[in-house]
Amino acid sequence: MIILHGKPRFRAALMAFLILAPALILIAQPAKKIQRVHSTDPELRLKGYAQYLDMKQASKFKDLKWQYLGPKNVSGRVTDVAVVAPKGRNYTMYVATASGGVWKTANEGTTFAPVFEQAPSMAIGDIAIAPSNPDIVWIGTGEPNIFRSSQAGIGVYKSSDAGKTWTPMGLAGTYTIPRIVIHPTNPDVVYVAAAGHEWTDNPDRGVYKTTDGGKTWAKLLYINEKTGINDLVMDPTNPDILYTSTWQRIRRKWNDPRNFPDYTGSGIYKTTDGGKTWNPINTGLPEPRFRGRIGIDLCRTKPNVLYAFIDNYEKGRDATDEEKRNSYGLPSAGFIKGATVYRSDNAGENWTQTSGLTDQQKQYMMRHSNTYGWVFAQVRVDPNDPNTVYTMGLSLHVSTDGGKTFNRVPGPGSDHHALWIDPDNSNYMLKGFDQGLAVSYDKGKNWRYFRDNLPVCQFFNINYDMATPFKVYGSMQDHGSFRAAVDLSRGRDKVPTQEFENAPGGEGSNHFIDPDNPNLVFSAGFYGTITRTDYSKGGTWWQNSKDLLPQPYENEPRLRGQWLAPFILSPHNPAIVYHGMQYVFRSLDRGDTWEKISPDLTAFTPSEAGDIPYHTLFALSESPLKSGLVYAGTDDGRVWVTKDGGKAWAEITAGLPVQKWVSRLVASEYDMATVYMTQNGKRDDDFTPYVWKSTDFGKTWIDIGKGIPLGPGNVIREDPVNKDILYVGTDLAVYVTTDGAKTWQVLGANLPTSYVHNLIIHPRDNMVVIATHGRGMWVLDANGINNKDKQRRFDYFDED
């Protein structure tokens, strides 16, 4: 056995180490033939949602109320904004969010209210108001930015009463919709840009048009199953003239979207006859194999002037020694040109590169979008000045000399995705970014940030401590980690909404808190970092945090850790920490020293070693009834058990679907041989609710998710009072069973459609708290479920 001491280290260097393994016994199951993945038919998704609505109405728990816990001081990713014109007579705007639905304000942001929060998908790609009738509003579901946390849509929806009601209008198989364009005088004529599935090839990509208000659709432009539409813009002087950009892309479990040498699909097209015919207009642009995501826009008062903003894959320069690893600590081979702006002064006939023509501006534009330009490529032209153009990247950028020189526009937020400029007053702008929405009245010199009244933050996880009142911890997309108290002093049905405070960890972190000492907080960060923080030492928490990962040996391959790498504290002894990368590590002294107790438990394939870690562990659970009985699950669908603290491991994947991400493992606290599991098929565009139970240590698995109409499944938990009560969180709702999974009920009818990424039931206070990816945290009194009438026992017994 080899034990190494942990030392503080920079995050960028964390991925290079490996600990030598002790002698281990590995019982692996025979390799299975990998079957082709089939995504879920969108009609089955719609049917599943209808079943969910029926279940919610019939649920015996429908009168239990979810209470919004917060945060009330943090917002979330905004993907688009649409404003009712003219400003001055109207103060109404609609805000599209990445996974929190659509919100509306009638008082220019003094207050917001959700107007689209009950549908099969809360991921919004675009929103458009009919210029001839502001009561007609269209939304396209499915975020086209395809982050790791992006969610699939389910077509387009239309409101004819200013957002009071919504009607699905088809195109359910498109999954991501970046743009909707409505005819200026005929609201029945609508164009939709469909980017298509994020993870799988599909034929629903293309430009669609309806001339009857959405009753029927015609596909006007289609390239192939890998190439969708990224942008669409109409000439304001002639609605038959439209420009569109195509984008050939696919996300893999091991790669962000990227270009390959045989890619030919990305480019720009133009129609002059309302979409009947399209012609490529790419003269002056990079070769097709170098064209990534392309954003386009034109100047409303001079529509022959167009700009194209391209994620350019032509080589920029090699990486320096300091840049050999990217911002997440992963290897970097160098830099592409990245953000590149082109301009046409003749309606797209020819294009000329305007940006990055000096050494200073070349370096500036290469840093514009960091290492993920495929997220951005949004461009807006000042409607009254063809020489003022804005591009969106980590920051908002502006050029006032026709795209030659770009500078950062100061203001709140990072990772920008939306910009609206008042056509009658270029000083009035609204921008959307990962942290919310802001408005400027002076062309970006100053901003008003709607942080406190647009509650759409995206949590990845949740855990709790045993303080009084107890606190919950969670990490949010592009915000970091936060915590807040669940205050029951006013009554269990009057939990106040809280301001959350910063907590240890990053934006992608799991947390565990010592049950005997709530000041001792463990957190895992990007791709497997792990730290220990002691609040009792005073000062700021980051001053009292220790990096627990050990130093690497020379010439060893780097560790692979997931974005949210799993770790747990042992229920038998909180000084024992288990941590998952591609191996399971164990510490007996709160992370000061470590031993590797497993071999690589994944189905690692060298050809799938890409931009992001894959073939990693994602789920760990130790039995509360037997020390050393540990389950481990991977993101490539393998499941393992050890009954002796890691001396021998047995694979228990037989009978499970091939390569489905293991999202949760829960060793039962009521029966030593029982274990529960959820698997998530999102990365195959698979929405099956995979929920499993084994009563023989994983040798065989029973499907217990048949009463849940739609997945993916994110989490399963046992009730701390009643062994027959289980809770499941999906990308739609929370379900509960009180009869050991024979039947399932929707838990609480007032919860908006939510991506429930994780949930806990506090063992002392008997409150259910959920972490949603788009609507923050919510809390519910579990007394109405398990009828708890006595304090739960906390002692676990070690059984042999």
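Modeller: Helices (H or I, at least four residues) and strands (E, at least two) are DSSP runs, numbered from the N terminus. This is a predicted model, where local features need pLDDT of at least 70 and side-chain atom pairs count only at pLDDT 80 or more, while totals for chains, interfaces and linings use all residues. Residues are numbered from 1 along each chain as its sequence is written, and side-chain values use heavy atoms, leaving out hydrogens and water.

Colleague: How do you know that β34 and β35 pair?

Modeller: Three bridges link β34 to β35 (residues 501-503) in the antiparallel sense. Pairing asks for at least two, so they qualify.

Colleague: What makes β33 and β34 a hairpin?

Modeller: Here six bridges join the two strands, which run antiparallel, and three residues lie between them. In that turn, Asp478 has a positive phi of about 55 degrees. Met476 stands opposite Gly480 of β34.

Colleague: Why is β34 called mostly covered?

Modeller: Buried means under 20% relative accessible area (1.4 Å probe, protein chains only), exposed means over 50%, and partly exposed is in between. In β34 (residues 480-485), five of the six residues are buried.

Colleague: Why does Ala162 count as buried?

Modeller: Its relative accessibility is 14%, so Ala162 falls on the buried side. Ala162 lies in the loop between β10 (156-159) and β11 (167-168), and has a positive phi of about 60 degrees although it is not a glycine. Ala347 is another residue other than glycine with a positive phi, near 60 degrees; it sits in the loop between β22 (334-344) and β23 (352-353). At 11%, Ala347 is buried too.

Colleague: What makes the peptide bond from Thr468 to Pro469 cis or trans?

Modeller: That bond is cis, with omega near -5 degrees, and Pro469 belongs to the loop between β32 (463-464) and β33 (471-476). Gly711 and Pro712 are also joined by a cis bond, with omega about 0 degrees. Pro712 is in the loop between β51 (702-703) and β52 (713-718).

Colleague: Which residues line the largest cavity?

Modeller: A cavity is a set of points on a 1 Å grid over the protein atoms alone where a 1.4 Å probe fits but cannot get out, and lining residues have an atom within 4 Å of a point. Six cavities reach 30 Å³ or more, and the largest has a volume of about 70 Å³, taken as the space filled by probe spheres on points joined across faces, edges and corners. Among its lining residues are Arg45, Ser121, Phe687, Gly711 and Asp731. The lining has six nonpolar, three polar and two charged residues. Asp, Glu, Lys and Arg count as charged, Ala, Val, Leu, Ile, Met, Phe, Trp, Tyr, Cys and Pro as nonpolar, and the others, Gly among them, as polar.

Colleague: Why do β3 and β56 stand at the edges of their sheet?

Modeller: The open sheet has four antiparallel strands in the order β3-β58-β57-β56. β3 (67-70) and β56 (756-761) each have a single partner strand, so one side of each lacks a neighbour in the sheet. Further in, β57 (residues 767-772) and β58 (residues 777-781) share five bridges, with Val769 partnered by Val779.

Terms used: 1 Å grid on protein atoms, 1.4 Å probe; cavity = no way out; pocket = protein on both sides within 12 Å on 5 of 7 lines; lining within 4 Å.
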